[in-house]
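Please read it alongside the sequence and the structure.

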Amino acid sequence: MSVNLTLLIVMGALYACGIYLILERSLTRVLLGLMLLANATNLLILATGGYAGLAPLFAKDTPAQDYNDPLPQALILTSIVISFAVTAFMLGIIYRTWVLARQDDIQDDLEDRRVAATPSFDAEDDAEVPAETSEFPLTMLGSDGRDVSNHATSGGNGGPETGQPVATVVAGGLEMHAAAEEKPGSLNIDASTEGGGK
């Protein structure tokens, strides 16, 4: 496959100018940059098609390698249609901004500046243990790993007199004692296959 060096140089210049213009704040310059990028892409597709061959018309005495590849030409035609649609869309945006604001420059959005100024660390989202945002917060397991909380156990279905600890739950500022069956790892459930009680 032979590559035309002139096409590559022109393509690189168009890409460089297009990227430079697309980074400007003027919508007209952004439109010109998009048009240059589209033309540079067309040249890139054309360069990937290889050297020019015969027209892709079938003849019995012509070998297959002498034909021109029609796929890059079809891709270029598709690219032209897409770039035309993007250009028309950008022209509509430019016209609308000129009618509304009589200016072509993209202004800074105050909300964007506020978001950019906020730190990237969010205490709620980035914490190892997420903060409890429920209306009815449930305390975590106690320090012994068995009870629901570190609150003292008293009364209820269990306790020292029955030999089964009581699960204490704090919800909405009220302290409630749950039955032993409701606690994780309850001691009154048999670990047999039937799961019968003691």
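From the N terminus on, the elements run α-α-α-α-β-β, a total of 4 helices and 2 strands. Helices (H or I, at least four residues) and strands (E, at least two) are DSSP runs, numbered from the N terminus. The model is predicted: local features need pLDDT of at least 70 and side-chain atom pairs count only at pLDDT 80 or more, while totals for chains, interfaces and linings use all residues. Residues are numbered from 1 along each chain as its sequence is written, and side-chain values use heavy atoms, with hydrogens and water left out.

**Whole protein**

- Of the 198 residues in the protein, 21% are buried, where buried means under 20% relative accessible area, exposed over 50%, and partly exposed in between (1.4 Å probe, protein chains only).
- Contact means heavy atoms within 4.5 Å; among contacts between residues at least 6 apart in sequence, 40% join residues at least 24 apart.
- The accessible surface comes to about 14500 Å², and carbon and sulfur atoms hold 63% of it; areas come from the Shrake-Rupley method with a 1.4 Å probe, and for residues only the protein chains shown count as cover.

**Helix 2**

- The 22 residues of helix 2 should span 32 Å at 1.5 Å a residue, and its end C-alpha atoms are 31 Å apart, which agrees; the expected span is 1.5 Å times one less than the number of residues.
- Buried residues of helix 2 include Gly-33, Leu-37, Asn-42 and Ile-45.
- The buried residues of helix 2 pack against helix 1 (5-22) and helix 3.
- Gly-50, with a positive phi near 85°, follows helix 2.

**Nonpolar core**

- Leu-27, Val-30, Leu-31, Met-90 and Ile-94 make up the largest nonpolar core, which has 5 residues.
- At least two residues of this core come from each of helix 2 (27-48) and helix 3 (70-101), and helix 2 gives the most, with 3 residues.
- Such a core is a set of buried Ala, Val, Leu, Ile, Met, Phe, Trp, Tyr and Cys residues joined through side-chain atoms within 4.5 Å.
- Leaving out residues up to four places away in sequence, Leu-27 touches Met-90, Ile-93, Ile-94, Thr-97, Asp-104 and Ile-106.

**Helix 1 and the surface**

- Leu-5 lies in helix 1 and is exposed, with a relative accessible area of 59%.
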